[in-house]
Amino acid sequence: MELSTIKDAFECVVKKQKLCCSKSQDVIYQVGREIEQTLTEILSAHDPTSPVDYRSVLADLKVKLNGIGPIPQLEGSHKELVVNLSKYTKLLERSLNSDISKAYRYVDFDHHIVNQMIANHFYREGSFNLGDGIIDEAGEPESTILKSQFMELHQIVEAMKVKNLEPALNWVSANREKLNQIGSNLEVKLHSLQFLEILQKGNLASALQYARTCLSPFASPPSPHKDEVVKLMGCLIYAGRLDSSPYSEITSPTHWEKSMEDLTRQFCSLLGQSYNSPLSMTMAAGFEGLPTLLKLANVMAARKQEWQAMKQLPVPVDLGKEFQFHSIFVCPVSRDQGSQENPPMLMPCLHVLCKQSILKLSKSGTRTFKCPYCPAEASVAQCRPLYF
């Protein structure tokens, strides 16, 4: 969906609103100043022999206020704002489809899995009470299996936000073997952060002792972190003033943020969970594909075709790479996408075609057929499905 036009219209409304606000404040200031000057003139007259002519003073004030013309000034800027706001509202109505239910198709979801996705999403976000409420209403107490693990994750991350690395280091130590199997360098990153934190406080002796105890194992061959540890040792001569040293870059807060992200990613990996919530990924994919689905639903409605009866979409829905978790096979002969009813089939010559293409080439399996891409011949019985 192209939103640049809507964005430009919105920015125009914002600009007019700011101008209107600025003009209003300016007019209020001018009117207030004239009123204050008049009050000062009235209150400063204490001579009983020469009383103040209040009528003339107020008449002068009226003339000055009429000269300012507050109402015409405010009406002009307010009118411009209302015109642009009206245009923006009409543009929204034309550009955005308020009824997205037309793209809805009934799918027989596994409600147990959906309830788990919702509850685990809230557990991931740290909304444990909300997750428990979902589980209680759904009547699925077994879905709380991951709750304790996500609680531990949030405790570790919250501690890291205040630069307390003890819970994170304890978790890394307890899972060192599993982390090594996936090639993790999280442990050395956390020890580096702890070392730098001690050094920034100016405690050289404590930093040196920490390096000998916790960093020296990563400096010995065949460790790939030797250069990193050597760089950290160079920081020792700048204890207490790392921010103004040649090593100031390694004290950036972004290293803490990156370490928190890495820990969360690897924590989820060891749990067998994706880094991103399946619910949030599903919603994001739906948002991206919604314009295409709405357009398709409208076209099918105009042609009096049944939207709900379709088993496969007649057009591709292009999503970003972040939503692609496995390869998609498209038959080079029929150009059909592989599906459960029409899976890709591996032939003896190692070329791959969809099942329906193979059946057509073999006359419904009654004879052998020649591969379209090489001289080899094969029968349906010699071909095997690759997935689905």
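The structure is a predicted model, in which local features need pLDDT of at least 70 and side-chain atom pairs count only at pLDDT 80 or more, while totals for chains, interfaces and linings use all residues. Residues are numbered from 1 along each chain as its sequence is written, and side-chain values use heavy atoms, with hydrogens and water left out. Helices (H or I, at least four residues) and strands (E, at least two) are DSSP runs, numbered from the N terminus.

Two packed helices are described by the angle between their axes and the distance between the axes. For α1 (residues 4-43) and α2 (residues 54-68), the angle is about 165 degrees and the axes are 10 Å apart. Here the axes are lines fitted to C-alpha atoms, for helices over the stretch in contact, and angles run from 0 to 180 degrees between N-to-C directions. The crossing of α1 and α2 is right-handed; in this sense the near helix is turned clockwise from the far one by less than a right angle, and anticlockwise for left-handed. On the α1 side, the contact (heavy atoms within 4.5 Å) is made by Gln-30, Val-31, Glu-34, Ile-35, Thr-38, Glu-41 and Ile-42, and on the α2 side by Tyr-54, Val-57, Leu-61, Lys-64, Leu-65 and Ile-68. These residues of α1 and α2 divide into eight nonpolar, two polar and three charged. Ala, Val, Leu, Ile, Met, Phe, Trp, Tyr, Cys and Pro count as nonpolar, Asp, Glu, Lys and Arg as charged, and the others, Gly among them, as polar.

Helix α7 (residues 166-174) packs with α9 at about 155 degrees, with axes 10 Å apart, and these two are therefore roughly antiparallel. The crossing of α7 and α9 is left-handed. Ala-168, Leu-169, Trp-171 and Val-172 of α7 make contact with Leu-186, Glu-187, Leu-190 and His-191 of α9, a set with six nonpolar, one polar and one charged residues.

A crossing of another kind joins α4 (residues 111-124) and α13 (residues 278-302), whose axes come within 8 Å and cross at roughly 110 degrees. That makes α4 roughly perpendicular to α13. Met-117, Ile-118, His-121 and Arg-124 of α4 meet Pro-278, Leu-279, Ser-280 and Thr-282 of α13, and by class the contact of α4 with α13 has four nonpolar, three polar and one charged residues.

Phe-10 lies in α1 and Tyr-88 in α3 (residues 70-95), so the pair ties together parts 78 residues apart in sequence. Phe-10 is partly exposed, with a relative accessible area of 43%, whereas Tyr-88 counts as buried at 16% relative accessibility.

How values were computed: Buried means under 20% relative accessible area, exposed over 50%, partly exposed in between (1.4 Å probe, protein chains only). Angles under 35 degrees count as roughly parallel, over 145 as roughly antiparallel, 65 to 115 as roughly perpendicular and the rest as oblique.
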